[in-house]
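Dear colleague,

I am pleased to hand over the structure shown below. A summary of the findings follows it.

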Protein chains: 2
Amino acid sequence: MGRKIIVIGSGAAGMTAASAARKMDKNAEVTVFTEEEHIAYSPCAIPFVLEGSIKDFNSIIMHDPAFYQKERDITLHTRTKVASADADKMTVTLSTGETISYDSLILATGGTVFIPPVEGTHLPGVYKVRYISDGMAIQEAMQTAKTAVIVGAGVIGLEMAVALKRAGLEVTVVEMFPQVIPRICDADMAETVQNYCESLGIKFLMNRPIGAIKGESKVEKVVAGDVEIDCDMVIMATGIRANLELPKLLGLDISPLGAVRVSATLQPYRRGRLVSSIFLAGDVISCESAVAPGPTMSQLGSTAVRQGRVAGINASGGYATFPAVLSPWISQVGDMQIAGTGLSKGLADYYGLSVMEGRASGLTKARYYPGGTKLDVKLLADRETHRIIGAQMIGGEDLNGRINWISSAILKAVTVEEFVNSFENAYCPPTSMVKDVVNLAAEDLASRW
Amino acid sequence: MGRKIIVIGSGAAGMTAASAARKMDKNAEVTVFTEEEHIAYSPCAIPFVLEGSIKDFNSIIMHDPAFYQKERDITLHTRTKVASADADKMTVTLSTGETISYDSLILATGGTVFIPPVEGTHLPGVYKVRYISDGMAIQEAMQTAKTAVIVGAGVIGLEMAVALKRAGLEVTVVEMFPQVIPRICDADMAETVQNYCESLGIKFLMNRPIGAIKGESKVEKVVAGDVEIDCDMVIMATGIRANLELPKLLGLDISPLGAVRVSATLQPYRRGRLVSSIFLAGDVISCESAVAPGPTMSQLGSTAVRQGRVAGINASGGYATFPAVLSPWISQVGDMQIAGTGLSKGLADYYGLSVMEGRASGLTKARYYPGGTKLDVKLLADRETHRIIGAQMIGGEDLNGRINWISSAILKAVTVEEFVNSFENAYCPPTSMVKDVVNLAAEDLASRW
């Protein structure tokens, strides 16, 4: 009889963990429980289906449960809620009452959209962007809605704003902070992004926490600070909180960031003691920052996949560790790409680091080569050590590799002087300037002391 | 009276050195001598003008001599040959006989296309791709020519083959090695590139060194091995050799690679002793490899610019060093991008390194996102230390940042296990797969031991 591995959650973390466990232990019995109907899709794709860049929701579903059963010998139970779990008895209990024992339990229960405690958030016409079912409901509502309010000007809020605007709706974004993408993007870069969105006809109400959602039988208006906005639908893009229902039933320790605290092996603690039969991955845990000492949240699909691999390997008798993260991120907002990595100015302040900032603007191709787009790069360094600690960039194309490039320099604790001196750029007129804008930003930053 | 700085050569190395010297020493007298008429253009752009991607040759010229005089107080003497130089007297002598003294001499005399010692290379209709004047002559010849032979299937040869094919000529590429891009690209990756070029209708004759170029008053045919190819024009894309005329007159030591040997400060040697008043940059020097100990050639525009900065700073009383290089490169061949960094398998063999190879194929965007192109990534690691030592990739878009990303990992001596474990990818469906193909190639490589 093989090792019994139970996975709760079928997102990127859960499905990667299940596959990694199967790969490591051919004899294990791997079972996944999920409340969802659809599995193996990228929630990051929802805005792009809604704006029409991706044909339909079916195309973002990579596999169905039968695929996992047949190709990977992984049994999926969809639309199945795990109601409780017991770490001592090593069992989970379904909402049907059925109790199942495990040798290893992988919790990949993800996160939930944070809903501010104001009236009216339960009204029909209020949506979140989390599951494919949310996306389908929004798509349905967009058929008749003429006006929408997006609550929250983070990356998902902006992607949704563009999607709804492109579909012909009047769109207003309400944000409680004075800038878009407040936590991970600096004000100067955020301004460029907001200006672009405004040029598409999206309206912004900044510095206004949402006060209430009003309506009789469905959404009619949003109250935000001193303003009331009539609307047919509301999208809550208000951030993700870890799903702590099961972790709390299991008695697992919660980190100060409100997520499950884990070891480098992604195992949790109970009153400070490691729980050796439980493994976690994805939005439900906090992890370590690779720039400033201490815990950080990294609620990204790319992180979920990397954590899923580690949790799956460890849950099936292997050994792997999950390292500290920089959480590089990228977003496509209309024709604009925005990316960042490491610390923003705001996060650096939070960690008590004094920073120097360098900036450069240029193009994604040689100046004379047609079709290049403007590229703005901002680099941040620790004022004391000169170490690069963060970057943000805005451009029309080709940001993904560039942000990973800077990420690897940050990860290896490279100073800005070393970057200027030693970090080379591949050059060809159709793909870059002879000195890439990243190199130019590093030169600017190095000149700031 | 300020420091007298003489720069010979107006390519990327020379003009960057002149500008860096001016920036460092506001009182210096900076003079540039060049045999060329046009300055401050990228020779890398020539194929893209010929294929029509760039409008005309005028658009690739960034500045004229008047700009440098007015904006940077740099005096240019175009169409002026420096016939000799004397390191003891610290003078240069023009072909007019005029002798001028210097305090610092910057040699940026570049390289020349290697012309194989066979008959007929002097015939009208035989061209090289080096100066903008070469490009203009080729453009003129393309008006009437119907068939062309490209000698050499390196990056420039392939870019030229596509340019001429797109202009409607029948194109045959003759290569003495069994694969395209022989030195810096592995055979398996080269095969993909060659197949693509053949799909465009370009013909290849491999394993055939050129034997002769024949014709009465102009080119009529190329003899290559056992084959004769009728043609109206021939492009010699046969590699670059350092221009050693002046360095030899100055008695400078030449490295085993046939280029001027320099210190980290880019100063040359005479019989082993440093010459403190001369500085070099660009295709005329060899430099140090950042992967395998020893000298290497890095005849790239991006390298020339970085060396020019160091030479200019040092020539004007500052201090900078030029570090060991990986020489990341990228090329656009039709709709295909090809890039590489560090060692190819062939170069690793040359340096006596035993390698492990990993490969992955995927897309530049999420599978379901329209418009992504195929992306093939190959990584090489040292079998003994597991250190990543080289990479090559082929794709339709977004290779530039990705090759720089791997370059920085190689530069920091990262093992493939560390890359798999710690190197993150920014993810968004329009810009990458959730695990980038680079990460997948690293996982494949890590599994090879």
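Through which surface do the copies meet? Of the interface residues of chain B, 100% are also interface residues in chain A, so the copies meet through the same surface.

Please note that this is a predicted model, in which local features need pLDDT of at least 70, side-chain atom pairs count only at pLDDT 80 or more, and totals for chains, interfaces and linings use all residues. Residues are numbered from 1 along each chain as its sequence is written, while chains are lettered from A and ligands numbered from 1 in the order in which they are written.

At the interface, 55 residues of chain B are in contact with 55 residues of chain A (C-beta atoms, placed from the backbone, within 7 Å). Elements giving two or more residues to this side of chain B include α8 (301-315) and β23 (329-333) (DSSP runs numbered from the N terminus: helices are H or I, at least four residues, and strands E, at least two). The most comes from α10(B), with 10 residues.

Chain A also holds an open sheet of 3 strands in the order β4-β5-β6, with antiparallel pairing (at least two DSSP bridges between two strands). β4 (82-86) and β6 (99-101) of chain A stand at its edges, each with a single partner strand, so one side of each lacks a neighbour in the sheet. β4(A) pairs with β5(A) (residues 91-94) over 4 bridges; there, Asp86(A) has Thr91(A) as its bridge partner.

With kind regards

Terms used: Two residues are in contact if their C-beta atoms, placed from the backbone, lie within 7 Å.
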